[in-house]
Amino acid sequence: MSEKLTFSASAAASLEPHLPPGEAQPSKQPFVTLTFATSLDSSLSLAPGVRTHLSGPGSKAMTHYLRSRHAAILVGVSTVLADNPGLNCRIADSTSQPRPIVIDPHLRWKPRSTDKVFDICRSGDGLAPFIVTGLSKDHIPKEQQELLQHHGGKYIHIPSTKSDNDRMRFDWDIVFQVLLAEGLTSVMVEGGGQIINSLLHPTYHKLIDSVIVTIAPTWLGKGGVVVSPDRVCDAQGTPQAAARLSQVSWHPFGEDVVLCGKLHSR
């Protein structure tokens with residue numbers, strides 16, 4: 001069993017303005033927090049598919065505290081394939097666990113009972129994932145459906161569009177509406193790079209309530225998975241900043257610094 005973590009009340013209080021309200025309020029969309037750990041050169045990992053540790057002990061505990069304050073954790077399938085994550089909360093006094101959400105349009109992940117997320121589920125320290133896919137139920141192997149259902153998870157089909165490279169893409173408005181319909185009133189988006197960059201496009205700024213970024217004092221070098229949303233231009237074709245934070249605050253956690261803010265509407 002993984003070690004339980006602690007997070008001080010004073011540190012928790014400093015983050016409170018950027019977190020979902022304690023009592024869930026009726027809303028037309030979930031409270032969405034975009035959070036990730038990055039290097040000084042805006043990299044999430046050394047290379048695609050390479051597990052890279054960036055957070056120190058203090059900011060790692062902070063991440064698990066954030067998980068304790070959200071109904072769901074959302075990650076992309078590449079994160080699952082690279083890290084085999086547990087996707088649970090390890091704060092010692094936490095009374096609930098977030099629901100893992102895996103965005104997997106083409107069903108690249110083939111869940112197995114030995115995956116860490118299911119081990120944690122069986123031990124009672126976490127929940128089984130909901131897997132969001134663009135494929136219909138008829139295209140999902142029966143044994144994978146049964147494995148998820150046995151642990152309390154399921155597949156969720158969402159209509160998708162296709163990009164220029166013939167990959168499925170979801171409309172984030174629809175994704176969050178579907179999750180809200182599942183009773184998930186707050187969602188912590190943890191990665192990976194493609195998901196973070198897509199949500200940083202101005203089209204989806206209105207969906208993001210809070211941004212919390214851990215900055216580690218290291219450079220990973222070229223070739224990594226970088227947080228850098230698509231270029232945005234005005235009507236005359238002049239490049240503009242794709243996103244900017246407002247109401248910013250900075251919080252040191254060990255050698256890391258955590259940046260909190262809200263996406264500024266353009």
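# Tour of the salt bridges, pockets and surface

Start by selecting helix 5, residues 142–151: Lys142 and Glu146 lie 4 residues apart in this helix, so about one helical turn separates the two. The model on screen is a predicted one. Show the side chains of Lys142 and Glu146, which meet in a salt bridge with an N to O distance of 3.9 Å. Colour the pair by accessibility next. Lys142 has a relative accessible area of 60% and is exposed, whereas Glu146, with a relative accessible area of 45%, is partly exposed.

Now select Glu182 and Lys154. The side chains of these two residues also form a salt bridge, here at 2.9 Å from N to O. The pair links distant parts of the chain, 28 residues apart. To find Glu182, go to the loop between helix 6 (172–181) and strand 9 (186–191); to find Lys154, go to strand 6 (residues 154–157). Glu182 has 32% relative accessibility and therefore counts as partly exposed. Lys154 is classed as partly exposed too, at 30% relative accessibility.

Which of the two partners is buried and which is exposed? Arg112 is exposed because its relative accessible area is 54%, and exposed means over 50%. Asp115 is buried because its relative accessible area is 5%, and buried means under 20%.

The space inside the largest cavity is about 40 Å³. By type, the lining residues divide into 6 nonpolar, 1 polar and 2 charged. How many cavities of 30 Å³ or more are there? The count comes to 1.

Next, clear the selection and move to the second largest pocket. Its volume is about 340 Å³, and 16 residues line it. To centre the view, select Phe36, Leu200, Val213, Val227 and Leu259, the lining residues that lie nearest the centre of this pocket. Then display strand 1 (31–38), strand 10 (210–215) and strand 15 (256–263), the elements that each give two or more residues to the lining. Which element supplies the largest share? Strand 10 does, with 3 residues. Colouring the lining of the second largest pocket by residue type gives 12 nonpolar, 3 polar and 1 charged.

For the last stop, turn to the surface and select Val248, Trp250 and Val257. Together these three residues form a nonpolar patch with about 270 Å² of accessible area. Trp250 can be located in strand 14, residues 245–253. Is Trp250 buried or exposed? Trp250 counts as exposed because its relative accessibility is 51%, and the cut-off for exposed is over 50%.

Notes: Residues numbered from 1 in each chain as written. Predicted model: local features only at pLDDT ≥ 70, side-chain atom pairs only at ≥ 80, totals over all residues. Heavy atoms only, no water. 1 Å grid on protein atoms, 1.4 Å probe; cavity = no way out; pocket = protein on both sides within 12 Å on 5 of 7 lines; lining within 4 Å. Points joined across faces, edges and corners; volume = space filled by probe spheres on them. Nonpolar A, V, L, I, M, F, W, Y, C, P; charged D, E, K, R; others polar. Patch = residues over 30% accessible without salt bridge, like charges linked within 9 Å, V, L, I, M, F, W, Y side chains within 5 Å. Areas by Shrake-Rupley, 256 points an atom, 1.4 Å probe, with all protein chains shown as cover. Salt bridge = Lys/Arg side-chain N within 4 Å of Asp/Glu carboxyl O. Buried < 20%, exposed > 50% of the residue type's maximum accessible area, 1.4 Å probe, protein only.
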